[in-house]
Amino acid sequence: MKRILILHASLGAGHLNAAKALAAAFQQLPDVEVQIADTLAYANSLYRGAITQAYKQLSEKIPLLYKAFYEGSDISDLDKSLDSNLVWAKLERPFFKELGQLVRTFDPDAIVCVQQIPSRLLQLLEQEDQTSKPQYVVVTDVIAHSTWINYGVAGYFLPNSLSRNLLIQRGLNPDVLHVTGIPVKLEIMQPKTKEETRSHLNLPHDRPVISLFGGGLNPRRVRSMVMDLLDSPMPMMLVVAAGRNEKLEEALEDLTAGTHVRLRKVGTIDYVDDLVVASDLIITKAGGLITSEILARGTPMIIVDPIPGQEEQNADVIAAAGAGVQLRLLEMVGPTVQYLLRHPERLAEMSQAGLELGHPRAALTIAEHILQDLESSGVRSSNPSSPATFVQ
């Protein structure tokens, strides 16, 4: 029986979703026990509150400052980035006194980190608490920021070849860099048709379906987009998913269907994948997990309001591949939707590009790789001084 500990940090829903996808993948394989843990749950309340509020305020309220911090902290020199992450770990370690106990109690055969905080803390846990275990890092951003890179990592699982090439240029050993894609729900591997999902969701078959995932967007800006779309002269079905964003639900409360456009407003849903398959086009922000799920299904995207930093990079990669378009002017959303609906050949090209970029099997590929490493006893040393992980 192999025991796998998956560590995330509850800064946004994406890391948790990646952890859940990986856990489900490991559970598909024989003789595996899995535990998911939120690293921040093992921090004291002072640190947890401060880091959560800082992330939320910077990314949502002061995005330009967040971008400056994100880009300014991306260190291209490998040795300097490793030392910087180790310094951060030493500063954070006093706030995580219970994390070592978690690792000792569960006693995993391997630890998988889907966020930077647990990965850098493990460097110190190994030294102080004798909890040394093979560590793997699953990068959930389309480009790996230097904060993902730490001593003693047995393998990195990356979203694409671009990210791998950039890490090789920074000096990492190519042997520990594996292009697998970002782990998404296993459900996405199951074949589904547009006709089946529309029937299941009671969506029309006689007109295009446009879905807007607005949970992470500014309610005022989503309302503006929806109002423009409701004025469209082209028949369509518009589905707006607000998620847990209660302010967005309030902002849309008085809006009703247009002359040619039907409207459905939903909150938190458990059928995101069905809605992705049922849609001809999706309007969304550029979170790594949601865009990975959409790419894996080949549904074209219009990306709006990416958070400066990693989401802008996600949007750039998707747009460059031809799987979506990125719009800065919200006034262009309505005209772009109409243009794409009038040009089904363009939508077909975007769909094909998405399928080529997507990795529906990513979670299983990662789980199988880690278990094969453990079975063959080929896991590289997790000693922080080991040169095996890095090309110096």
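Visitor: What is the volume of the second largest pocket?

Guide: The second largest pocket has a volume of about 280 Å³, counted as the space filled by probe spheres set on grid points joined across faces, edges and corners. The model is predicted, so local features need pLDDT of at least 70 and side-chain atom pairs 80 or more, while totals for chains, interfaces and linings use all residues. Residues are numbered from 1 along each chain, and side-chain values use heavy atoms, without hydrogens and water.

The lining of this pocket (an open set on a 1 Å grid over the protein atoms alone, where a 1.4 Å probe fits, with protein on both sides within 12 Å along at least five of seven lines; lining residues have an atom within 4 Å of a point) comprises 17 residues. Lys194, Ser279, Asp280, Pro300 and Ser351 lie nearest the centre. By class, the lining holds seven nonpolar, five polar (Gly among them by convention) and five charged residues. Two or more lining residues come from each of α8 (194-201), α11 (272-278) and α15 (344-357), DSSP helices of at least four residues. The most come from α15, which supplies four.

Elsewhere, six strands (DSSP runs of at least two residues) form an open sheet with parallel pairing, in the order β2-β1-β3-β4-β5-β6. Pairing requires at least two bridges; β1 (residues 2-8) and β3 (residues 110-113) share four, in the parallel sense.
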